[in-house]
Structures are given as C-alpha cells and as structure tokens.
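Subject: Structure handover

Hello,

Please find the structure we discussed below. My notes on it come after.

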Amino acid sequence: MLPGSASAGRDSDVDNLDVRINRVLRCQVNYERPRIVAGNSKYRLAGKSRSDRVLVVFGDNGKIGVGACSSGANAKQARYLIGKKVSDLIGDFAGEVNQRVGTSALWDLAGKTLEKPVYQLLGGKAPKGGIPVYDGMIYHEELLSRDQNSAYRNPDSKYGSKPSWKDIIKEAIDVSKQENHNFVKVKIGRGKLHLSRKAGNYQDAAVLELIREYAGKGFGIGVDANDGYSLEDTLWLLNECGSLNIAYIEEMFPDDANQYRVVRKEIKKLGLKTMIADGEGWRKPSDPLVTEIIESGTVDILQADMRRFEIEGILEESRMATQAGHGSMIAPHNFGNDFGFYMSIHVGCAIPNFYRAEHDPGKQLDNLLIKHGYDIVNGTCQNFDAPGLGIELNPKRLGDLNTQFDVKQ
Ligand SMILES: [Mg+2]
C-alpha cells in the first residue's frame with residue numbers, strides 16, 4: 001500500500017456536472033523511443049516508434065477532454081456520446097456505459113471543468129513521494145541484430161560499433177537509468193521463439209545475472225515471459241535465479257490457479273520474496289477467470305490492461321482484490337501508451353493496493369499534445385496535479401488534425 005493513498009470515493013461534483021458532449025474525434029499521436037526495442041517471446045521487434053490512439057471530446061462548456069481511445073472505437077459508437085452528459089458516461093465499466101469508446105477523455109473533461117486532477121475526482125490523494133513506476137521495455141535486446149540480420153543499431157554507442165551481447169544489455173539499462181528509472185521489467189522466454197528451449201532459458205538467466213551485477217543490489221528487476229515458459233521452466237528459473245532477488249514473475253504461462261499453487265510452493269520452499277504477476281489478457285472484470293484468479297489468491301500482482309479495463313475496471317479489480325483479502329496488489333498492464341501511463345498514475349492515487357505503473361519511455365513527435373508534469377524522478381512519477389489528466393490538445397494543431405473519425409452535433 002502506498003503511503004498517503006486513499007480508498008476511492010468518487011467526488012460528488014462529478015455527479016452534478018452539467019456538461020454535454022457536442023463533438024468527438026479520434027486522432028493519432030506518434031512517439032519515438034530512446035532506442036530501438038527488440039522482441040519478446042512472441043515477436044521479433046517492438047521497434048523505435050509507437051503511437052497512441054487519442055480520443056478528444058468537446059464539452060458544451062468549451063472545455064476539451066483528451067484521453068485514450070479504445071482500439072475498436074468507430075464513428076457510430078462515438079456518436080452515442082453526442083448530446084449526453086459527461087456524468088452519465090463515466091463511472092461504470094466502460095463497455096457498459098459508453099459503447100467502448102473509452103472513458104479517460106471524459107474524466108479529463110470533468111477534471112478540466114472542475115479544475116481538479118482526475119485522481120481527486122476518484123477520491124484519491126497523491127502520495128508524497130510520487131507513484132512508483134517501472135520501465136517495461138527491456139526486451140531480448142542482444143538478439144536484435146541476429147533476428148533482423150543487420151548490424152548493431154548504434155555505432156555511436158559507448159560500447160563501440162561491435163559490442164558484445166553483454167554491452168548491448170548494459171546499454172539498455174544505461175538508457176533506462178538516463179530516463180530516471182530504477183526498476184525494470186525484463187522480457188524472458190528466449191527459448192520460445194528465438195532459441196532452443198535450453199539455450200533460451202540459460203540465456204535468460206545469464207541476462208538476469210548480468211543486469212543484477214551491472215545495475216546493483218537496489219535496482220528493481222521483474223521478469224515477463226509473455227506465456228513463453230512452462231511450469232517446469234518456471235520452477236527451474238526460480239532455482240537458477242533465486243539469489244538475484246527477482247521482484248516478480250509475470251505471465252510465465254497462461255493463467256492457471258493450480259499451476260500457480262505449485263509455483264508458490266516452490267517460492268516458499270526456496271525462501272524467496274518473488275511475487276507472481278498476471279492478468280494482462282483479461283477482457284473485463286466480470287469474466288469468470290478474473291474472479292477465479294483473484295479469489296484464489298494465487299496471483300500477487302494483478303495486471304489487467306489499463307486501457308481495456310479503463311479507470312472504472314481497474315477500480316473494480318482493486319475492490320475485488322481487497323474483498324478477496326489475500327493482499328494482492330494492482331499494477332495495470334500498459335504497453336507502449338502514454339495515456340495508459342497517465343491513467344495508471346491517477347488510478348494509483350485512488351486505490352489502497354497499487355503496486356507500480358508501467359512506463360514505456362518515449363518522446364512525442366507531433367507536438368499535438370501539451371503535457372504538464374509526469375516527471376520521472378528516482379523511479380517515481382511526480383507532479384501530476386494539473387486539471388484532468390494534465391494533457392491538453394495543442395490549440396495550434398486543432399485545425400490540421402489527422403482524424404480517424406470526427407462526429408459533431
Ligand atoms: Mg506482460
């Protein structure tokens with residue numbers, strides 16, 4: 001539990017908000033990562049660039065809300081919002097109240113209208129030290145040139161133009177530290193797609209040993225196999241890397257409470273503090289698998305996807321975890337998305353069992369959005385008190401937006 005965090009209790013001003021939506025559009029914002037990111041156990045390249053689908057909602061009070069747009073959202077669904085009150089479109093799980101277009105832009109609009117950050121509307125409080133975050137982008141970096149059949153990506157690297165695999169991993173950690181991170185998630189599962197099972201597993205272990213040695217004792221390390229390990233591989237890794245103080249193991253294999261029980265037993269036997277993390281594949285809080293896993297208490301860190309679950313779904317996940325009483329924490333999955341990160345920060349202030357927010361460092365290329373704060377300082381996110389989500393549409397860009405849909409009253 002974060003110091004100073006509070007249980008969610010929605011601000012009553014939101015319910016009394018008399019603002020209606022008169023225009024909804026979707027556009028795209030592009031970002032560049034600080035380096036090329038390699039592949040994981042499922043694919044061979046994450047890449048240098050990424051983009052966010054952004055939903056922009058216009059209130060009849062002249063305020064503009066920006067947030068994440070759901071992947072399947074179209075003009076017909078967006079039209080559903082037109083003429084409706086903001087307060088009627090948020091608060092319950094997104095799919096059930098607003099046609100799956102997304103609620104974060106509406107929360108942003110509410111916050112800008114009431115001149116309060118979203119976390120306050122959710123009844124939350126910003127912890128003094130900020131919200132803990134982690135860099136989720138340490139992939140199978142040393143395999144990139146082999147996979148892409150190309151020269152190493154950075155001839156200006158301080159490690160030279162022909163670095164060893166160890167130098168490549170060190171460089172990824174250097175970049176993460178330059179972004180002020182002190183906790184990383186390391187992709188493992190090299191034996192699923194890239195290498196033979198045995199060679200992949202041993203290379204995973206070698207990478208983890210190197211990172212622990214290079215980054216130091218206090219540096220946070222989690223691992224994520226993207227379901228590329230078996231139960232047997234997982235038990236092997238715990239034995240092989242037990243001394244490395246791995247904070248958590250994520251998606252080792254598809255969610256299975258019985259198999260997690262076996263893993264928990266092994267963790268206990270070895271006397272480790274390693275936690276089990278899973279949930280990014282979940283569709284909605286009411287799915288039977290979600291209930292089963294949360295109630296079983298076999299997963300310590302619940303990771304439903306931030307944008308798919310929306311703010312409302314993560315609040316519900318948190319409530320379910322509290323009710324289950326096993327002490328499970330919440331760390332929303334958020335791959336390659338700035339709005340998902342902002343949402344995680346605000347929801348993190350509003351629930352009592354938040355763990356960390358997932359960050360994918362990147363610089364906005366389009367000058368489309370003006371960001372206030374969200375400074376990463378010593379592995380925490382700080383300064384996010386601007387109204388709403390603290391992100392504004394650049395007024396100079398309003399006339400030349402490349403929109404995927406734009407519906408008006
Ligand atoms: Mg994952």
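Confidence

This is a predicted model. The chain has a mean pLDDT of 93, with 94% of its residues at 70 or more. Residues 1-8 are a stretch to treat separately: pLDDT stays under 50 there, and the model gives this stretch 25 contacts beyond four places in sequence.

Domains

Where they touch, 44 residues of domain 1 are in contact with 53 residues of domain 2. On the domain 1 side, the elements that contribute two or more residues are the strands β1 (21-38), β2 (45-59) and β3 (64-68), together with the helices α4 (94-98) and α5 (104-114). β1 gives the most to this side, with 10 residues. By class, the domain 1 side that touches domain 2 consists of 17 nonpolar, 14 polar and 13 charged residues.

Helix pair α14 and α15

Helix α14 (residues 306-324) and helix α15 (residues 338-350) have axes that come within 10 Å and cross at roughly 15°. Angles under 35 degrees count as roughly parallel, so α14 is roughly parallel to α15. The crossing of these two helices is left-handed. From α14, the residues in the contact are Met 306, Arg 307, Ile 311, Ile 314 and Leu 315, and they meet Gly 340, Met 343, Ser 344, Val 347 and Ala 350 of α15. Sorted by class, this contact has seven nonpolar, two polar and one charged residues.

Helix pair α11 and α12

For helix α11 (residues 231-240) and helix α12 (residues 257-270), the axes also come within 10 Å, and the crossing angle is roughly 15°. These two helices are therefore roughly parallel to each other. Which hand does the crossing of α11 and α12 have? α11 passes α12 in a right-handed crossing, whereas the crossing of α14 and α15 is left-handed. On the α11 side, Leu 231, Thr 234, Leu 235, Leu 238 and Asn 239 make the contact. The α12 side supplies Gln 259, Val 262, Val 263, Glu 266, Ile 267 and Leu 270. The contact of α11 with α12 is made up of seven nonpolar, three polar and one charged residues.

Regards

Conventions:
Residues numbered from 1 in each chain as written. Predicted model: local features only at pLDDT ≥ 70, side-chain atom pairs only at ≥ 80, totals over all residues. Axes fitted to C-alpha atoms, helices over the stretch in contact; angles between N-to-C directions. Helix = DSSP H or I, 4+ residues; strand = E, 2+ residues; numbered from the N terminus. Parallel < 35°, antiparallel > 145°, perpendicular 65-115°, else oblique. Left-handed = near helix turned anticlockwise from the far one by under 90°. Contact = placed C-beta atoms within 7 Å. Nonpolar A, V, L, I, M, F, W, Y, C, P; charged D, E, K, R; others polar. pLDDT = per-residue confidence, 0-100.
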